[in-house]
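Dear colleague,

I am handing over the structure we spoke of, and my notes on it follow below. Please read them with the model open.

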Amino acid sequence: PSIVDVEKGQPENELTRQQQERQVAGSRWRPTSALEPFGTEPSPGESTGSRSASGDRFRLVLLYVLQFTSVGASIAAVVLIWYYMGWEFGLPALLITLAAVFIASGWWRWWHIAFHAKNNATIGDIFAEFVSKQPEKACLIFEGRTWTFREVNDYSNRLANVFHSHGYKHGDVVGLLQENRPEFVATWLGLSKLGVIVPLINHNLRKNALMHSVTVANCNALIYGEALAEAVAEIADTLPSAVALYQVNEAAQNPVLANAKDLTTLMQYIFIAAAISVVAGFRADDTFYTPLPLYHTAGGMMSIGQALLFGATVVTRKKFSASQYFADCQKYNCTIAQYIGEMCRYILATPASAVDKAHKVRMIFGNGLRPQIWPQFVERFNIPRVAEFYGATEGNANIVNIDNTVGAIGFVSRIIPAVYPISIIRADPATGYSEPLRGKDGLCQLCKPNEPGLFIGKIIPNNPSRAFLGYVDKGATEKKIVRDIFRKGDAAFLSGDLLVADERGSLFFKDRTGDTYRWKGENVSTSEVEAEVSNACGYRDTVVYGVEVPNLEGRAGMAAILDPERQVDLEQLARTLKDTLPSYARPQFVRLLSKVDMTGTFKLKKLDLQVEGFDPSGIEDSVYYLTSKGQYELLTPEIYEQIKRGEVRL
């Protein structure tokens, strides 16, 4: 993809089906039917991992046993004291027990943040505490350059003073258009000290899309990097006159766009001492690695937040590189690494090297690690723990996998589900599973085990952490709220994603509504078919979608595969998919792409491809169709017309 630096090699050897189904270190399998309807369950006789993995599992089980035993003993002791000695002794015993659990669990860290929030503290306040405690500790590491907590704070103060002197105040909006770099974080932090709202704009946007992002956020000003000056110049004449431009150069006194201010030079003349008065298993000694775009919540808040809120060190780079991912982790002694979308597949597709296991990473966290490659990934790179999470930037609920269950994104107890602020409700197939299915009483219904449904986050009045603030577009906000769920008058955030929970309560991502199509009377999950097709093609970029065929019900599956060198063996692909997918899920059409577009968070775009359909006369790429013999053959305009007339059947 043009927007990322991805060096992809071919796997040294093809992983066998048996290897793909092997249980790996620190992971446990669940019943395949809950998530991979096309997969096969590992046989009892297969390998269960290394000796160290068995030891890890034994220690984990022992820890659980000790925890449950301790809790049970504590409850029994409190009950006995209360019963035999009265409430005068029983109540103190209960309070002491609760305090011990609170301290041992580590929950106090989140109460620490909540305390600051209650006292109207900002992130800048919390960050200032770490600056005073550890000024010379590495805060951000970027391509070999280390920024200490003091340096980040100094930069943010200088920038805040510039904008304060220019009249910016609480509630103003200043857009930030910059590539990944430490200045991005310090700029956002400095503006936040003024109470300025900072929309983080995707630096890959151009022209109309960029113009829309600036105007829809009602920006009073726009800060942009020198490397993006050309993109800003393209829209400068059409921007509202009230939008001030600030250019950040690599050095002071460099040229800037007409009507733009030289922010780099302005910051040189600000006296630092005149700083403005500021109104999941992670540890503070961890070093985090994130090559994700900082304009996105995943990288810019979940990783950078570890430095701002917990005083950890964060390593970033300008662009994601598959071949350098674990090399960077080794170089900077990272202990936690972040991923998203298709990153893990890119990394897995690189040739094996000495750095694969020569690192100190004890956990990777993110979302989008497909269960089809999860075991191979953690085994090859020796990853003890995967914290796959689920959440939405604007959402009010999130979940995370804390027990290494392969493919799981979280857990909700089957015994007491009502205490959780999230639920999975039944969805209406007639709407493409995008709307809730209601009973005769007009209320929503909870899903049964292994039944896909819509994930919702309950909106709880007077609870800021469970509020849904929505979007700039009020109409779009209302579409994301579902009402009258379990009782009249209640409300929830509608994620638009399909999840499934197994009998144990482990949650698994199923699909995004709109990414499921119906063919031959069966519902087909595009993400699962994409994974199988990609694996069969050596982990190539793959997009799967449904296309309409005249006179046929539903949509036929079509797979678009990035193959500019035309190296995909279509005969082998057909044979592999016959073994791994049921007949209704096999793509009826295959398009070999010369290039593929992706979003800034490494998610494949498919809408344009879906609109183009399978008409070879309107597509520059080669298109193939699945014949009655089970082989992919070139789709010519003549055969296309025969398919339309029903003379060639799919």
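Buried here means under 20% relative accessible area, exposed over 50%, and partly exposed in between, with a 1.4 Å probe and protein chains only. By that rule Leu91 is partly exposed, with a relative accessible area of 34%.

This is a predicted model, in which local features need pLDDT of at least 70 and side-chain atom pairs count only at pLDDT 80 or more, while totals for chains, interfaces and linings use all residues. Residues are numbered from 1 along each chain as its sequence is written, and side-chain values use heavy atoms, leaving out hydrogens and water.

Leu91 lies in helix α3, and together with Trp82, Trp87, Leu94, Leu95 and Leu98 forms a nonpolar surface patch with about 590 Å² of accessible area. Patch residues have over 30% relative accessible area and no salt bridge, with nonpolar side chains (Val, Leu, Ile, Met, Phe, Trp, Tyr) joined within 5 Å and like charges within 9 Å; the areas come from the Shrake-Rupley method with a 1.4 Å probe. Helix α3 (residues 87–105) gives the most to the patch, with five residues; helices are DSSP runs (H or I, at least four residues) and strands likewise (E, at least two).

Counting a salt bridge as a side-chain nitrogen of Lys or Arg within 4 Å of a carboxyl oxygen of Asp or Glu, the total comes to 21. One of them joins Glu530 to Arg370, with the closest N and O atoms 3.2 Å apart. Because Glu530 lies in helix α16 (residues 526–536) and Arg370 in the loop between β10 (363–367) and α14 (374–380), the pair ties together parts 160 residues apart in sequence. Both Glu530 and Arg370 are buried.

With best wishes
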